[in-house]
Amino acid sequence: MPESPTVPAARPTPSAPAELSAEDAKLVVLARGARGRVGAVEGAAVRDQDGRTYAAASVALPSLTLTALQLAVASAVAAGAGRLEAAVVVTEASTLDGAGHAAVRDLAADAPIHVAAPDGTVLGTVVQ
């Protein structure tokens with residue numbers, strides 16, 4: 001069995017909120033919708049290099065736990081995405097989870113990851 005990569009335990013703290021483009025604002029709406037549909041802890045959305053968007057909610061099962069951002073990235077990869085332009089996670093936390101951060105960075109070292117509150121207010125942006 002191959003070794004699984006180590007997922008960073010650090011929770012990156014977002015910097016001051018960036019001015020959202022119309023396309024990034026759309027990601028906030030999609031992430032809020034994904035979270036709200038199932039009453040999940042988190043919702044997330046990503047946009048790939050072709051402008052396609054993928055939204056997901058966090059999953060917590062006895063045999064599987066995924067952050068919303070991990071699932072959104074996995075959906076993008078499963079659809080053939082090779083790069084991400086931007087990501088959003090809607091959460092009650094004030095920081096970004098390490099696993100979701102790592103998943104986005106697997107496809108884009110410089111894509112902004114916007115962290116938003118459940119009401120859609122952008123709390124900050126992680127750029128590293």
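Biologist: Are R47 and D24 buried or exposed?

Modeller: Both R47 and D24 are buried. Buried means under 20% relative accessible area, exposed over 50%, and partly exposed in between (1.4 Å probe, protein chains only). This is a predicted model, in which local features need pLDDT of at least 70 and side-chain atom pairs count only at pLDDT 80 or more, while totals for chains, interfaces and linings use all residues. Residues are numbered from 1 along each chain as its sequence is written, and side-chain values use heavy atoms, with hydrogens and water left out.

Biologist: How many salt bridges are there?

Modeller: Side chains of opposite charge can pair when their charged atoms come close. A salt bridge here is a side-chain nitrogen of Lys or Arg within 4 Å of a carboxyl oxygen of Asp or Glu. The count comes to 6 salt bridges.

Biologist: Which side chain meets R47 at 2.9 Å, N to O?

Modeller: That of D24, in a salt bridge. R47 lies in strand 1 (residues 43-48) and D24 in helix 1 (residues 22-38), so the pair ties together parts 23 residues apart in sequence. Helices (H or I, at least four residues) and strands (E, at least two) are DSSP runs, numbered from the N terminus.

Biologist: What salt bridge does R47 form with closest N and O atoms 2.8 Å apart?

Modeller: The one with E85. E85 is in strand 5, so this pair ties together parts 38 residues apart in sequence. R47 has 8% relative accessibility, whereas E85 is partly exposed at 37%. Salt bridges that share partners join D24, R47 and E85 into one network.
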